Each structure stands twice: as structure tokens, then as C-alpha cells.
Amino acid sequence: MDKQSYFYQFIEPLSKELALVARELENSIFTSPRTMLTHARVFVENILQQVIRAEELPEDPRATLKDLLDLLNDKGYLIPEIRDALHFVRQIGNQAAHNSRMFRYSEALLSWEALYKIVKWYVEVYGPVDIIVPDYQDPSPIMEKRYDMSELEIRLKSLEELLSHSVEKLSTESALAESAAAVETLEAEVPVVEEGIPGVTTIRTLTFNGRQLEVPYFLRDAFLLPQRFDKSETFLIRLGAEQQARIMSELPKNLAGLHKHVKRYSEKNDEILFEELKIFIEEEKIRRKLSLERPGELFFFYKADHIIVTEELSKVPLTSEEFTGIPSLLRQLNEDQVESVGQLPKELVILAKYENVGIGTVEKLFEQLKKKVNEKASAVVPEVEEYIRTSYKKWDSLYINVKLGKANTVIRGESVPALWKEGLNWIEDHHLPLHEKIKEGVVLGSTDTGKRYAMALEPVHKDKRNFTQLHTYKSKLTGTTYYLETKINPKSGLETLAKLLTRLGIEVKIPLLESND
């Protein structure tokens, strides 16, 4: 799309700033539906502020969008169609700001259509008589360039600040000059993501002692961040100092002998790195699939897990009041002027670089972030998401009561992956034959009739599909890596673990499922 041609260009005579924000909303529909929905609220809020000034109604700087909407509705300035359109933009925008679920293009298009009704009403009632509102038009996907979420946020916030200033009756000429400067500095293009799933073609094959590992095209020059490799971190750091193995393309075709580039390492280190590269590639495939399925989203990654970063989560301050048990990390982040969640790096394992901060500290931060994601989701828009709060309270803490001999134990977890890992730890602590069960593949659910595995030695289901959301567990007894499929609901997670425990001769009770019957 030509940057000089966009749908709401016709409102420039009424408000250049409003038109520029509308342009960015149009650009974000197919690049980040969440961003479009979140910032559409700001767009209509400024329209309502201008209507309130035009009608000379009392202004309250603390008023929310709902307050403005209710004021105009109570005073009779809104027809039902416009009132409903405003409520829709507000409610779906609140969901996008709080809830980490996937938002679809169709939802952004519905909001875009509601915006048209609002703008048409605003222009026809409060605009110059010579402005002609064109018929509604669906936006087209922008294929020549795509902005990621962070860039869209910067562009929109810059323009929203300008729009806010214009509402406060600042000089139009000054505001337009600032807008032009702000927009022009943000015109750098981001390479387009092609249709389909590009980049998965094998570009290289790594070998070690007869075993092979395929490297997909999109990872050909991937940076091998040492912190991503639990057992090979120091090995990779040492290799990097010798200008070896810093990126995927620097790895030799055969990893045997890689250790010879540094002192005091052996072929065993080559083997361990080969195994961890296998996990790294599987995790990266899942991350790439996630990014393509949820365009424009901002993620935090920790090993095989991830978090969707919403606007509300990004605003949470990095303080001891919000995050407990990690004071040293918080202090050092604040010293580096990293003061809110949104400023954290996407790859959270990087935080282990700080002094006296180990991977356990980073994991504590990640678990607390996940908990806040659930808290934010449970608090969103009471009138449209009451069911989320209700179900969240029930599954707040997952647990299973187990009995082995005369000993009773409660296995707990804040999530399905956490519950399973605690369960696997408990099984191995009691030296039960776990490996044979995993070797067979543990089918998801209370029976073996499904096609999806919950746990297996390879992250591939019965129907040859890859695991959707991958976690790994390293056996304390055999050293084998077990793969866990964690994109499931809590009920299935409990049923699967209970089935595994029962087949190992454990007496199991699940109060949450019993109370659900």
C-alpha cells in the first residue's frame, strides 16, 4: 500500500492526526490483530473527547472510554447503532490488552467495520459539510512490508500522543511537523513472511557417530546462544572465543572432533552438544510455527515454553512487590534501566548473565510471569468474560493424591507441564519403571484410543504430526530426554498423569475431576 494512499485519508481536513492513527490501525490489521484491537480504543476515545468538546459538556481528565461513552449515551447524543459499535470496539480492545489468547484477522476486521460506523457518524454530524464519506471498504493485506508488534506500538504511541495534544488545542502546524518527523523515522521495512511455512527445507545435515540431524533453512545462520544449551553452555562459550560454533553455519558437518578446538574437552562434549542441538532445533521449529500462526505477537521464551506478552502485562513494573524471591535480578535490571516487563528480552535465559543470577532465578521469574498472564486474563472485561474467571479459580492449582504402600502424597503444579514434571520426579524418586512406559508412548487422556501422545521419546504423535507445544524432561535415572506435549487442557493433563501412575501400581485420586462429575 502506498504510504500516501489509505482509506481514512478523507478525514485529513477534519483531523490530520486522527487520519494518521487510522492509517496505522489499517496497517496493523494483518500484521498484528492484537495491536489493532488494543489501539482502536484510543482512536474512538479521542473521537468521543472531541464530540464532548463540540457539545460543550463537562470534561473529566480521569474519565475512561466507558465513562465518555456512558456520558454521551445518557445525554442522548448516541444512536443505538453507534453506541453498540463503540461498546464493541471497547470490549474487544480490552480483551486484546489483557488476554493472551490468539486474536484473529476476522476480529480485527469486525472492529475495523465498527470504526467505520463511528467515523461516518462523527464526520456527518460534526465534520465539514464538504467531506464525503466513501462506502465501506475492507482493507487488503500488505504484502510488500510487515511491521512487527514492537514497531507498530512505537508508531501508534507516537501518533496517539500527537493526537492527544491536538485534542488539547495545541498548534496544528507544530503538531503536524512533529507527526511527520515521527512517522518518517519509523518507515524501515521488515521483510515479508511468504505464504505457507517457508524456511523448513533442510539446508544442512549434521552428523555424529552415524547419527544425523537436519538443519532447516530458517536456522542456517541462527545464533547459538550458549544459555540455551544447559550442559554445553561453557563448551560453546569456549568455542566462541576461538571463533567456532557461534552460529549454526559455523558448525562442521561432522561434530566429531569439534572439542579439539579448545583444551580440556572430549568427544563426550561433542556428543552432548549434538543431543542438545536436536532439542534446540525442535524448540525453534515450534517457535517459528507459533510466530507464523500468531503474527505480530510479542513472546517471551524460556527453553521450550513461551508467554504471550499483552499490553497490560508489559506495563507491570519489575519490583519486589510484583515479583518475589529474585531481589538481585530485579536490582540489576533496574540499574540497567529495565524497569517494566515489556523491556525484558524475548529470550529470557539471557538474564542468567547477571551476577549471582542462575537459571533457577530466571525460571522463578518466568513462572511468576505465567501466573500474571493468567491473573490478567481472569480479570478482563467482566461483562464478556465471566466464564474465564470462574474456570480459572477451579483450576488455579492442579494436584493429584497418590498412595504408595502406606505413604500418602500430594503432587502439585501451577500448570500442566509443572504438574507432569513433579509427577515424573516423584515416580523416579521411587524407582518405578517409568522408562518402559515412555518408550511405549503415553497416549493423551484416560485411555489409549487417541492419536496424540502426552509423553514420548520423540516429539511426534501417532499421526506423524509434531508436538504443538513442547516441554522436555531429563530422566534422573537414565539420562534420556522425554518429550511432553503440553498444549492440552488441565482435565486431560490430570487424566493422563493419573493413568500413568495407575499403570505403575499407584493408587490415585483426583479431587478436581471428582468434583466435576
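This is a predicted model: local features need pLDDT of at least 70, side-chain atom pairs count only at pLDDT 80 or more; totals for chains, interfaces and linings use all residues.
Strands pair here if DSSP finds at least two bridges between them. Helices (H or I, at least four residues) and strands (E, at least two) are DSSP runs, numbered from the N terminus.

Strand 9, residues 470-474, also runs antiparallel to strand 10. Here 5 bridges make the join. One of the facing residues is Y473, whose bridge partner in strand 10 is Y482. Strands 9 and 10 form a hairpin, with 6 residues between them. In the turn, G479 takes a positive phi of about 80 degrees.

## Burial of strand 10

Buried means under 20% relative accessible area, exposed over 50%, and partly exposed in between (1.4 Å probe, protein chains only). Cover is found on both faces of the strand. T481, Y483 and E485 are buried on one side. Y482 and L484 are buried on the other.

The cross-strand partners Y473 and Y482 also form an aromatic pair. Their ring centres are 6.3 Å apart, with 15 degrees between the planes, and the pair is stacked. Y473 counts as buried because its relative accessible area is 6%. Y482 is buried too, at 0%.

## The chain as a whole

The chain carries 17 helices and 11 strands. It has 517 residues, and buried ones make up 49% of them. Take the contacts (heavy atoms within 4.5 Å) between residues at least 6 apart in sequence: 64% of these join residues at least 24 apart. The accessible surface of the chain, by the Shrake-Rupley method with a 1.4 Å probe, is about 25,400 Å². Carbon and sulfur atoms account for 49% of that surface.

Numbering starts from 1 along each chain as its sequence is written, and side-chain values use heavy atoms, with hydrogens and water left out. Local features need pLDDT of at least 70 and side-chain atom pairs 80 or more, while totals for chains, interfaces and linings use all residues.

## Aromatic pairs

A search of the whole structure gives 16 aromatic pairs. One of them joins F7 and Y116, with ring centres 6.1 Å apart and planes at 50 degrees, so the pair is tilted. Rings of Phe, Tyr and Trp (its six-membered ring) pair if their centres lie within 6.5 Å; planes under 30 degrees apart are stacked, over 60 edge-to-face, the rest tilted.

The F7 and Y116 pair links distant parts of the chain. F7 sits in the segment before helix 1 (16-28), and Y116 in helix 5 (residues 105-126). The two are 109 residues apart. F7 is buried, with 11% relative accessibility. Y116 is buried as well, at 10%. Both belong to one aromatic cluster, together with Y8, F10, W112 and Y136.

## Charges over rings

Two lysines lie over ring faces. K353 lies over the face of Y354, at 5.3 Å from the ring centre. K372 lies over the face of F323, at 5.1 Å. The criterion is NZ of Lys or CZ of Arg within 6 Å of the ring centre and within 35 degrees of the ring normal.

E347 lies in the loop between helix 11 (327-335) and helix 12 (359-378). At 12% relative accessibility, E347 is buried. A polar contact of 3.1 Å connects its side chain with that of R228. Such a contact is a pair of N or O atoms within 3.5 Å; within protein, one must be able to donate a hydrogen and the other to accept it, and residues adjacent in sequence count only if both atoms are side-chain atoms. Neighbours within four places in sequence aside, E347 is in contact with L225, R228, R287 and F301.

E56 is not a glycine, yet its phi is positive, at about 55 degrees. E56 occupies the loop between helix 2 (33-54) and helix 3 (65-74). Its relative accessibility is 71%, so E56 counts as exposed. H431, another residue other than glycine, has a positive phi near 55 degrees. H431 is in the loop between helix 14 (416-429) and helix 15 (434-440). At 63% relative accessibility, H431 is exposed.
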